[in-house]
Amino acid sequence: MLDDHNSTPLRTGRATVNGTSLHYRTAGSGPAVVLLHGVPKTGYHWRHLVPKLTPHHTVVVPDLRGLGDSARPADGYDSATMSDDIAHLMTHLGHERYAVVGEDWGAVIGYQLAARHRDHATALVFAEALLPGFGFEDHTALTLENVSSGMHLWHLGFYFQPDIPETLIAGHERELITYMIKNERSHPDTATPDAIEEYVRCYSMPGGIRAMLAVYRAMLTDAAQNRESAQKKLDIPVLALGGSAFIGERNEEQARFVAHDVTGHVFDAGHDLAEEVPEEMTGIVLPFLAAHG
């Protein structure tokens, strides 16, 4: 359960948008901000940040297409389509202007949201993400540098294969998710049992792993979309956040490929900033949103 600053559970709902159905939570008042989670996570990832934001902002926390408690359609898992889902959701909820906060795949989708809906996005927080088309693919290579730096993303090639990942993961969702979540953090104890249970619950549901794999399998399409969008850089302010033990300073480098106004910050953390260092992350994000949200 996600609570606001008054310890009141967030309002939940479902919206039929862009040919699918999204589950979302919302609370707070003030300028709108939408929080986009990565994989293998859900909107529950933001539980520590939400009560810090709701005194100042109307917060919308969707589960992305195919993930969490959202519907799992057969297609539409490229980042442009998934960003359009969010744009339609925000319009459905009455928010014409909003800041975007994304992490991991949610940051990739957040970038496309800002690029495709420039009249609506006021600012972008781009946290712990590599953009397809701008070097993400390089980290799939089995090289000494990738392995020694902890950035050998071996699972991308595995996930691209049809049928075999589904066969091997079925019945072992808990083992895969626990490994991925804990292995990518400097502070593995922050992967608390409640979070693991929630992620396992959602990805173990019918179609959960299929949808997760579909996000990765759209990566080459994403690369083409990102390169096309980057031909016109973002004019809105971008805050690029990295964890020193994972993407780190590369996060700011990625953001500079696609935006003019970029500020970077690196935390003493791994990949999942909102769960590993929520207080520190809030201390950077809140002033940024106050200035630009």
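Me: Two strands pair if DSSP finds at least two bridges between them. By that rule, what makes S7 and S8 a pair?

Reply: This is a predicted model; local features need pLDDT of at least 70, side-chain atom pairs count only at pLDDT 80 or more, and totals for chains, interfaces and linings use all residues. Residues are numbered from 1 along each chain as its sequence is written, and side-chain values use heavy atoms, without hydrogens or water. Strands (E, at least two residues) and helices (H or I, at least four) are DSSP runs numbered from the N terminus. S7 (residues 238–243) and S8 share six parallel bridges. The rule asks for at least two, so they pair. Val266 in S8 is the bridge partner of Gly242.

Me: Why are S1 and S8 called edge strands?

Reply: The open, mixed sheet runs S1-S2-S4-S3-S5-S6-S7-S8. S1 (11–17) and S8 (262–267) each have a single partner strand, so one side of each lacks a neighbour in the sheet.

Me: Why is Trp105 called buried?

Reply: Buried means under 20% relative accessible area, exposed over 50%, partly exposed in between (1.4 Å probe, protein chains only). Trp105 has 3%, so it is buried.

Me: And why is Phe158 called partly exposed?

Reply: Its value is 25%, so Phe158 falls in the middle class. Tyr159, at 2%, is buried.

Me: What makes Phe158 and Tyr159 a tilted pair?

Reply: Rings of Phe, Tyr and Trp (its six-membered ring) pair with centres within 6.5 Å; planes under 30 degrees apart are stacked, over 60 edge-to-face, the rest tilted. Here the centres lie 5.8 Å apart and the planes stand at 45 degrees, so the pair is tilted.
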